[in-house]
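Biologist: I would like to learn how to read a model of this kind, feature by feature. Could we go through one together?

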Amino acid sequence: MATAFRVLLLLLTLSDSLVGTLGHGIGINYGQIANNLPSPSHVVYLLKSLNMSRVKLYDADPNVLTAFANSNVEFIIGLGNEYLEKMTDPVQAQTWIQQHVQPYISQTKITCITVGNEILTGTDTQLMSYLLPAMQGVYASLANLGLSKEVYVTTAHSIGILGNSFPPSAGAFRQDLAVYIQRILAFHSQTGSPFLVNAYPFFAYKDNPGQVSLEYVLFQPNPGMKDPATNLKYDNMLYAQIDAVYTAIKAMGHTDIQVKVSETGWPSKGDSNEVGASADNARLYNTNLLNRIQQNQGTPAKPSVPVDIYVFALFNENLKFGPSSERNYGLYYPNGTLVYDIGSVSLSSQGYLPLPHMEYSASKENVISFFNILLLPVTFLICAL
């Protein structure tokens, strides 16, 4: 029996504060390792309803890029690790740009290409050696086609590239990765592209729940920690990690490179040994983080530089490998309902939304808190045909 998705979606009314927040400093990771996700055209309406204007893909899915044409959503697209060797060849790199960027960029805003994901914390040294040449190859191809001012090139690193992360003033990259990172930083400095890190305080808490304060990782009120070298106080782990990366970059001679968080989030469910994985903690992490972003707040060491993040992830992805948490980072189930209550009103009590062709009048009773900001609920109804 074939299954078709009918989107029963209401465009939402947002407060000015949420509009500003989502437009500046926050984006969403749109992963697709699942067999039950709504079509890209349906996702367009969901993201429009959230006023979400920045999306990060892990590939260059033509169906997604076509669906979002003329949507005013900015895209980071990805080149998978399997493409790195090919991208060291100028001809293949340019062919990839011509096939995956040029046909869409006039209508879909592609602003960045990530070349590989978390390569340097893997075990494949051959792949590590391809990383910078691949980045250079993609950048050169963009330049040849007149797109290098429009699309920047970078790669996403695990926070595990740090050999030391606390105190932040002592942040340093792993010595065994220094030879790769030094050259990559030079590339960022020359091209004006940001340094991306995937940072998950959840992992630190899960591995050491007796030593790491849950309040500290969830942005909850806590005594915080003081950096003895700078006397700067940190009341959350994510900002301490970001400043540690800035310190590590400065130690390699660069002060002109911006650090952005390409992934961060918290799982709503996990295995029995995944301490802290729960819907309540996921709600707290994302709510409190968004509140910080809304305030346009920088880190203690970079107070005038607003934190720029991409939340992981839009949907739960049922085909991801690994522990249960890997399949439970989404804000939404594939049917378009929120995974956990955001704010004080339960989505389950709201019911399904009316069909798009039906008139609907929004009222105060229909409005709920989304990340502590008013937002109407969104629901997809999946119909089996």
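**Reading a predicted model**

Modeller: One point can be made at once: α5 passes α6 in a right-handed crossing. This is a predicted model, so confidence comes before any further detail.

Biologist: What average pLDDT does the protein have, and what share of the residues score at least 70?

Modeller: Where pLDDT is low, the predicted coordinates should not be read in detail. Here the average pLDDT is 85, and 82% of the residues score at least 70. Over residues 1-23 the pLDDT stays under 50, and the model has 73 contacts for them beyond four places in sequence. Residues 343-385 also have a pLDDT below 50, with 110 contacts in the model beyond near neighbours in sequence.

Biologist: How many helices and strands does the protein have?

Modeller: There are 11 helices and 16 strands. Of the 385 residues, 52% are buried. Among contacts with a separation of 6 or more, 71% join residues 24 or more positions apart.

Biologist: Back to the helix pair. At what angle do the axes of α5 and α6 cross?

Modeller: Helix α5 covers residues 90-100 and helix α6 covers residues 125-144; their axes come within 8 Å and cross at roughly 60°. That angle makes α5 oblique to α6. On the α5 side the contact is made by Pro90, Ala93, Gln94 and Ile97, and on the α6 side by Gly137, Val138, Ser141, Leu142 and Asn144. Sorted by class, this contact has five nonpolar, four polar and no charged residues.

Biologist: Why is α6 called roughly parallel to α7?

Modeller: The label follows from the angle, because values under 35 degrees count as roughly parallel. The axes of α6 and helix α7 (residues 178-191) cross at roughly 10° and come within 11 Å, so α6 is roughly parallel to α7. From α6 the contact takes in Thr125, Met128, Ser129, Leu131, Leu132, Met135, Gln136 and Tyr139. Tyr180, Arg183, Ile184, Phe187, His188 and Thr191 come from α7. By class, the contact has eight nonpolar, five polar and one charged residues.

Biologist: Next, the backbone. Which peptide bonds and phi values deserve a look?

Modeller: Most peptide bonds are trans, and most residues other than glycine have a negative phi. In this model a cis peptide bond joins Phe166 and Pro167, with omega about 0°. Pro167 sits in the loop between β7 (162-164) and β8 (172-173). Another cis bond runs from Phe312 to Ala313, where omega is near 5°. Ala313 belongs to the loop between β13 (309-311) and β14 (368-370).

Biologist: And where does Asn72 lie, and what is its phi?

Modeller: Asn72 lies in the loop between α3 (62-67) and β4 (74-79), and its phi is positive, near 70°. Glu118 also has a positive phi, near 55°, and is placed in the loop between β5 (109-117) and α6.

Biologist: Is Asn72 buried or exposed?

Modeller: Exposed means over 50% relative accessible area, and buried means under 20%. Asn72 has a relative accessible area of 54%, so it is exposed. Glu118, at 29% relative accessibility, counts as partly exposed.

Biologist: Which class does Met52 fall into, and where is it placed?

Modeller: Met52 is in the loop between α2 (40-49) and β3 (54-56). Its relative accessibility is 9%, so Met52 counts as buried. The C-alpha atoms of Met52 and Val73 are separated by 7.4 Å, while the two residues are 21 residues apart along the chain.

Biologist: Sequence and space can be set side by side, then. How far apart are Gln126 and Glu85 in sequence and in space?

Modeller: They are 41 residues apart in sequence and 9.1 Å apart from C-alpha to C-alpha. Gln126 is part of helix α6 and is partly exposed, with a relative accessible area of 43%.

Notes: Residues are numbered from 1 along each chain as its sequence is written. This is a predicted model: local features need pLDDT of at least 70, side-chain atom pairs count only at pLDDT 80 or more; totals for chains, interfaces and linings use all residues. Side-chain values use heavy atoms; hydrogens and water are left out. pLDDT is the predictor's confidence in each residue, from 0 to 100. Contact means heavy atoms within 4.5 Å. Axes are lines fitted to C-alpha atoms, for helices over the stretch in contact, and angles run from 0 to 180 degrees between N-to-C directions. Helices (H or I, at least four residues) and strands (E, at least two) are DSSP runs, numbered from the N terminus. Angles under 35 degrees count as roughly parallel, over 145 as roughly antiparallel, 65 to 115 as roughly perpendicular and the rest as oblique. A crossing is left-handed if the near helix is turned anticlockwise from the far one by less than a right angle, and right-handed if clockwise. Ala, Val, Leu, Ile, Met, Phe, Trp, Tyr, Cys and Pro count as nonpolar, Asp, Glu, Lys and Arg as charged, and the others, Gly among them, as polar. Buried means under 20% relative accessible area, exposed over 50%, partly exposed in between (1.4 Å probe, protein chains only).
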